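Please look over the structure below.

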Amino acid sequence: MDLSYSPEEQSFRDEVRAFLAEKLPREMSDVIRAGGELGKARQEEWHAILNEKGWLAPNWPRKFGGAEWNAVQRHIFEEEAAAAHAPRIVPFGLSMLAPVLQKFGSQAQCDYYLPRILNGEHWWCQGYSEPGAGSDLASLKTRAVREGDHYVVNGQKTWTTLGQHANWIFCLVRTDTEVKQQEGISFLLIDMDTPGVEVRPIILLDGTHEVNEVWFTDVKVPVENLVGEENKGWTYAKYLLTHERTNIAGVGFSQAGLSAVKRAARAENHNGKPLMQNPHFAARVAQVEIDLMAMSTTNLRIVSAAAAGAAPGVESSMLKVKGTIIRQEINDLARRAAGPYAMPFASEGIEGDNDPVGPDYAAATAPQYFNNRKLSIFGGSNEIQRGIISKVMMGGGR
Amino acid sequence: MNFNLTEERQMLQDTLRRYLRDKYDTKTRNAIIDSDTGMSAEIWAELAELGVIGALFTEEQGGFGGAGFDIAVVFEELGRAGVVEPFLDTAVLGGGLLAEAGDAAQRALVDDVIAGGLHLALAHGEPSSRYDLTRVATTAVESGGEVVLNGRKAVVVNAENADHVIVTARESGALDEAAGISAFLVPAGTRGMTLRGYANLAGGRAAEVALDNVALPVSARIGAAGAAFGVLSDRIAAANVALSAEALGAMETATRLTRDYLGTRKQFGRPIGTFQALQHRMADLLIELEQARSAVINAAGHLHADAPLRDRHIAGTRNLIGRVGRLVAEESIQLHGGIAMTQEYELAHIAKRIVMTDHRFGDTDWHLERFIDLSAA
C-alpha cells in the first residue's frame, strides 16, 4: 500500500500543470470558472491547442495519433485540467466513437474518420436515446432498411448533446425486427448534411440549448457507413458505454466545485462573519469533502487496476452513483452559498455585456444546480446503475 | 380540533383552482416568463377580481381575510399552478406594510392594491446583508423638512413594475440593530433612484436598486422614525407563511405529475411505476408531502400568536419545507428522467419554484439556526 504517486507520475503532473499554465487561454478559463459554456468556435480552439501538443486523444493508441496515456495519467490530466478551469474535451468523437472504430471498424473507416476527429473537421454527436427508449435503450425503433448499396433510415433520436454543432452522428438503428431486441441493432455513421436529417432544439430547464431531437426521414446512408457487422451494434454500444464511464466519478469537477464553494463562503457575510465560519454551513461542506476524499481514493484504486489491465466492471457503476451524488451535493452547496443572489437568471448575470448581478460566483450556481440534475439521469440513470450493481453483486449477473 | 377549511375559504380555493387550471397552462406561463414585464396584467386583473388580493387583507383594511389560513389557501393554489405574478411583493409585503403602519394617505393606496390597480415592492435586503433582517446600511437623514436616502438594495422583486417602492433605511443605531430602521414610500421615477432590472430563474423579475441622494418629503416615512422593524417582522412572518404554502402547492403538483408519469411511462415492457424501487421512493415523497402540509398548518395557525411563539413555528416550518422541497423537487425530476429537464414540461418550472423559495427570507439552514435560537430562549 503506497498512496503516493511515482516520480514519473509526479513529473507528468508537473508537465501537465506547466502546459495548462502556458497554453490555456485566460478568456476560456474565466468562462469555465464562472460556470459558463464555451461556444462552438472557442471549444474547437481548445481542441486545436490540445491537438497541437498531441494530447487531444489521451486514450488513443499512438499509431492513430493518440497520447496512449494509461489510466493514472488520464486521471492526473483530468484533475489538473479541472483545477485550472480548462474546458472539458467534447467526448463524442474522441472518447466514444473512436474506441469503437479502433476496435470494430474497418481500416478504411479508421483512416478516414480518425484524422478528421482529431483535426476538428468532424464534430460528432450520439444518436442513442429515443423518446420511447431511455433506460430501456434496447427497445429503440429507429429503422434502417437495406436497399442496394445504402440503408434508408427513418425515426427519431433525442437528448442529442450539442447536436446543433455536429456534422456527423453515430446511431444505433434497428436493422432486424424479427429477432430478440438486442440482436437486431446496428451501429451506423450518418452525415448530418444528408437530406432528411433535421435537428430540433430542446431547451432545458435552466434555459440552455444543450440537447436536441434529431429526426430522420428517408435518409440514405451508404452501406460502407456500417461499423462492424450488421445486427452486432448492441455489442459495440456496450463497449462504448464502458468508455463513456471512464472519468465517470468526476473527481476533478467535484474538487474544483468544492474549492469554488469555499471561496464563495469565505466572501459571503453571515450575521457579520464569513459564511464559511458558520457551523451549519461548515458541517455541510466538511461532510461532502470527507465523502469526496474517500471517493477519490476509490477512483484511484479502480484507475490503478485499470492501468494494470483490469477491465472496468461493476465499480464504474458504483463510481457513477456516488460521483453524481457528490457533484450534485456540491452544486446544492454552491446555490446555498450564493444566498439571495442565486435568484437572478444566469443569462442576465454571466452572458450579457453587463457586469454580473451580485458577486461573480453567484450567477451560475442555481442554473448549474438544476442543469446537473442530468448527471444522475444520463449515461445510464443511477437507477439503472443500482440495478447493475445488485444484479452483479447479488447473483444471477454477468 | 377542526382541520376543515371554512366555507368561504373552501370557495376561494375552488374558484382559484378552477381559474388557474383553465387559464394558466405551461405554455401561457412560459410566455409570461419571457415577456418584458415578467407578469401578465390581464391575469393579475382577473385574479384581483376573483378576490385573491382581498383575501390577503382584513375587513378593517378593506379586504375579507388576512389571517394565516387565508394566506395559506391563496398561496397554496398559486404554488400549485406555478404562478409567477408578484402577489407576495405587492400584496403581502407592500400592501400589508401600508395597511398596518401607514398613515391615512398611505393606507388609501391599499384599496388600489386590492382592486389590482397598484403594484408595490419591498426594497429591504442589501448586497451584503444576505438573510440578516436587521443589517441595514442604507441611510436616511432628515433635515429641513425632507429625508435623504443613500444606499444599495439587492434582488428587489417586482421593483420595475412597482408604482411605489418601499425602501428601508437606517435613521439611527448600529449596522445590525433592529432599532433605528425606518421604511419610506418612494414613488417610481423619483430622482436618484435607479433600477437595474433582470429576470429571475424561477420566473418574475427583480432589480438592483441604487439610492443616490433620494430626497423625499417627511410624509414619505411609513410609521414612526426608526420603528419600522416590528411591522417589517410581522409582514416577513406573513411572507414566510405564503412562501411555505406556495412551496406546498408546488410540491402537490410535482408529486401528482410524478405519480401520473410512473403510471404511464413504459420501459422494459411495463409501466415504470411497477418497479418496487421506484414505488418506495414515491411513497417517501407522499409521506413527506403530508409532513409539509402539517408544517404549513402550524405556521399559518400561529401567524397571529406572540412573536416568539410565532417565529419559532415559522422557522420550523420553513426549515421543514426547505428540506422536503428539495427532496420532492429532486426526486420528482429523477423519477421522471430527461423529460423533466425540459423547459416545456410543467415539472421543470414547478421544481424551480420549489427550490428557489429557499432563497427568500432565509434558507433551510438559516431557519434551522433561528429555530435553535428561539428554542433556547
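Does Cys125(A) count as buried or exposed? Cys125(A) counts as buried, because its relative accessibility is 0%. Buried means under 20% relative accessible area, exposed means over 50%, and partly exposed lies in between (1.4 Å probe, protein chains only).

This is a predicted model, in which local features need pLDDT of at least 70, side-chain atom pairs count only at pLDDT 80 or more, and totals for chains, interfaces and linings use all residues. Residues are numbered from 1 along each chain as its sequence is written, chains are lettered from A and ligands numbered from 1 in the order in which they are written, and side-chain values use heavy atoms, with hydrogens and water left out.

**Cysteines**

- A search of the whole structure finds zero disulfides over all chains. A disulfide is a pair of cysteine sulfur atoms within 2.5 Å.
- Cys171(A) counts as buried, because its relative accessibility is 0%.

**Domains of chain A**

- Chain A is assigned domain 1 (7-89), domain 2 (122-231) and domain 3 (245-393). Such bounds come from an automatic or database domain assignment.
- The C-alpha centres of domain 2 and domain 3 of chain A are 31 Å apart.
- Seven residues of domain 2 of chain A are in contact with seven residues of domain 3 of chain A. Contact means heavy atoms within 4.5 Å.
- Domain 2 and domain 3 of chain A bury about 500 Å² between them. Of this area, 54% is on carbon and sulfur atoms. Buried area is the accessible area (1.4 Å probe) that two parts lose on being put together, summed over both.
- The rule finds one salt bridge across this interface of domain 2 and domain 3 of chain A. A salt bridge is a side-chain nitrogen of Lys or Arg within 4 Å of a carboxyl oxygen of Asp or Glu.
- Glu210(A) forms a salt bridge with Lys374(A), and their closest N and O atoms are 2.6 Å apart.

**Domains of chain B**

- Chain B is divided into domain 1 (7-119), domain 2 (121-226) and domain 3 (230-376).
- The C-alpha centres of domain 1 and domain 2 of chain B are 23 Å apart.
- Their contact takes 21 residues from domain 1 of chain B and 18 residues from domain 2 of chain B.
- Domain 1 and domain 2 of chain B bury about 1,500 Å² between them, with 62% of it on carbon and sulfur atoms.
- Asp89(B), Gln106(B) and His119(B) supply 32% of the area that domain 1 of chain B buries against domain 2 of chain B.

**Chain B against chain A**

- How many residues of chain B are in contact with chain A? There are 47 residues of chain B in contact with 54 residues of chain A.
- Chain B and chain A bury about 4,400 Å² between them. Carbon and sulfur atoms hold 55% of it.
- Arg130(B), Leu201(B) and Met341(B) supply 18% of the area that chain B buries against chain A, more than any other three residues.
- Between chain B and chain A the count is seven salt bridges.
- Glu330(B) forms a salt bridge with Arg373(A), with the closest N and O atoms 3.4 Å apart.
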